[in-house]
Amino acid sequence: MQQIGDRQIAMESILLASAPGDVADAILAQSEARSFDRGATIFLQAEPAHSVYVVLGGWVKLFRISQNGAEAVVSVLTKGQSFGEAVAFRNDVYPVTAEAATDCRVLQVRASLILTMMKSRPEVCTAMLASTYKHLHDLVAQVEQLTAQTGAQRVAEFLLELCPVDEGPCAVTLPYDKVLIAGRLGMKPESLSRAFARLRSIGVKVNQNHAAISDVARLHNYVESDRAEAWSRAQ
């Protein structure tokens, strides 16, 4: 991997953030940055899991095809987010298909490379466990969103996940296809549009694939507020 920006993004990802510096350097030196056009398949559901990926730019969609042929969006990932760890480390198959939702670049890390390092460096095991735990925590949070938050609060939390700051103004880039966000949040596209409209009252303005947030802390407080209170305030 050659680009300095790519290196910084990868080093701050869940996959490598907890790894010793020399281990992270060795992994990056032996990994490949790959580009995919929008709609291209990165890997298929049920394909042998041989690699872990970090998104360097653009958006990646993870989805499953049900028995009746319907597509269920599991997640949409952007810069700095990783995927594939749990199944790759145990030589399993991918439970989802990964597709480039936009033109994107990803870092492909061979699972065998990390597993070899884990045998000689116990601290690498701890780092990879931390990565897997973070993904599990995120999945639990998704379930909580679906059962305990209003649609507007779910959208607000999704925006907060993209913010690099904890307070003050912030601008984030969204996928052009809002259906992806709706699918990830368990909403219909029209419900997503209504949620964006409700968030205007707390300083969120969406223009095409850009969201301008006037105060990140205010948005965070909205997410944490009581469901009924938040819903009535957003009308």
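Select F36 and C104 first. C104, in strand β8, is the bridge partner of F36. Keep in mind that this is a predicted model.

**Stop 1: strand β8 and its partners**

Now widen the selection to residues 32-36. This is strand β1, and five bridges join it to β8. The two strands run antiparallel.

Next, select residues 51-57, which form strand β3. Six bridges join β3 to β8, again in an antiparallel arrangement. For one example, pick Y53: its bridge partner in β8 is Q108.

Then colour residues 104-110, the whole of β8. How many of its seven residues are buried? Five are, so β8 counts as mostly covered, since buried means under 20% relative accessible area.

**Stop 2: an open sheet**

Move on to a sheet of four strands. Trace it in the order β2-β7-β4-β5. The sheet is open, and its pairing is antiparallel. Which strands sit at the edges? Select 41-43 for β2 and 71-77 for β5. Each of these edge strands pairs on one side only. Look along the sheet as well: neighbouring strands are turned by 30° against each other on average, direction ignored.

Zoom in on β4, residues 60-65. Six bridges join β4 to β5, and the two run antiparallel. Click L62 to find one of these links: its bridge partner in β5 is S75.

**Stop 3: A72**

Stay on strand β5 and select A72, which lies in it. Is A72 buried, partly exposed or exposed? A72 is partly exposed, because its relative accessible area is 41%, and that class runs between 20% and 50%.

Show what surrounds A72. Leaving aside neighbours within four places in sequence, A72 is in contact with L62, F63 and R64. A72 and V96 are 24 residues apart in sequence, and their C-alpha atoms are 9.6 Å apart in space.

**Stop 4: the nonpolar cores**

Finish inside. Select L15, V60, F83 and I114. They belong to the largest nonpolar core, which has 40 residues, and they touch the most other members.

Centre on I114. What does I114 touch, not counting residues up to four places away in sequence? The list is L15, I27, F89, V109, V124 and M128.

Note on methods:
Residues numbered from 1 in each chain as written. Predicted model: local features only at pLDDT ≥ 70, side-chain atom pairs only at ≥ 80, totals over all residues. Heavy atoms only, no water. Core = buried A, V, L, I, M, F, W, Y, C linked by side-chain atoms within 4.5 Å. Buried < 20%, exposed > 50% of the residue type's maximum accessible area, 1.4 Å probe, protein only. Contact = heavy atoms within 4.5 Å. Pairing = 2+ DSSP bridges. Axes fitted to C-alpha atoms, helices over the stretch in contact; angles between N-to-C directions.
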